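Please find below some short notes on this model.

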Amino acid sequence: MLLYPNAKINLGLNVIERRPDGYHNLETVFLPIALHDELEILPNSTQTINFRQTDGFQLDCDDTDNLIVRTCRLFQDKYGIPGVTVRFKKFIPFGAGLGGGSSDAAHTAIALNRLFDLHLTTEQLIADVSRLGADCAFFILNRPCYAEGIGDRLTPIELDLSGYAFALVKPDVHISTKMAYSGIRPMSPEHNLRDLLRRPINEWKDFVINDFEASVFTQFPVIADIKKQLYTMGAAYVSMTGSGAGVFAFFPNQSYDKNALHQAFADLFIFAE
């Protein structure tokens, strides 16, 4: 079975409060994007999980500890599935706020559910993958969602961006979640994010913010420079996604120049639709 685990971006990200368990309550909107990894899972005749990466960014952890293998182990322990052979290509960059690892885990769960006819409901899949990471639940639904709690309380929403082209730029910077949170002062937002996103997109610049930007931009000015340059190039809205370092932009279709984008950021990772 072949699947394409996709990335996400955050439209707005408010860090509301620190929880007693050390996590933080958030308010954000998750939006799936087309950038994706490639995941093939097949049953084998053993009880082992055979994992092999064949292309793309090299995983920054041991093969036995990545989220794909951990998901397979979870399903073996809980549902008694047999061994599987996994072939994987990694095209979503690390440390970019794109949720690549969470998507890989969620899509692995979806594949195993189908492959072994487990007949798990969406709610059961969400409960299972939430044990592996807060963002994993979103990728089971994989549609625009308003997210609360630690990002696991999801409400699907409608969002029309059909008049805009999407672009993503990531510098050669890796931002750890721990580092990003170290500069945050949690507070409740003045306005509800869902209400703000109902405004015209050219007004988002003044209202829809990512709380991580202030501290991350101070430590990594290159990310702030990318945001400024994208606005200079005519973007209607630009923001860092998640805790960084990816920066995305929405351009009005009539003023979008993909070639100019690639020339301006020739030395950086670019994904442009």
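**Notes on rings and strands**

1. Arg199 lies over the face of Phe207, 4.1 Å from the ring centre. A charge counts as over a ring if NZ of Lys or CZ of Arg is within 6 Å of the ring centre and within 35 degrees of the ring normal. Lys205 likewise has its charged end over the ring of Tyr231, at 4.4 Å from the centre.

2. This is a predicted model, where local features need pLDDT of at least 70 and side-chain atom pairs count only at pLDDT 80 or more, while totals for chains, interfaces and linings use all residues. Residues are numbered from 1 along each chain as its sequence is written, and side-chain values use heavy atoms, with hydrogens and water left out.

3. The whole structure holds 12 aromatic pairs (rings of Phe, Tyr and Trp, the last by its six-membered ring, with centres within 6.5 Å; planes under 30 degrees apart are stacked, over 60 edge-to-face, the rest tilted). Trp204 and Tyr237 are edge-to-face, because their centres are 5.4 Å apart and their planes at 85°. Trp204 is in helix H7 (residues 204-207) and Tyr237 in strand E10 (residues 237-240), so the pair ties together parts 33 residues apart in sequence. Helices (H or I, at least four residues) and strands (E, at least two) are DSSP runs, numbered from the N terminus.

4. Phe166, Trp204, Tyr237, Phe248 and Phe250 make up one aromatic cluster.

5. Strand E4 (residues 38-43) pairs with strand E1 (residues 2-3) in the antiparallel sense over 2 bridges; pairing requires at least two DSSP bridges. Leu39 in E4 is the bridge partner of Leu3. E4 also runs antiparallel to strand E6 (residues 84-90), joined by 6 bridges, with Pro43 opposite Val84.
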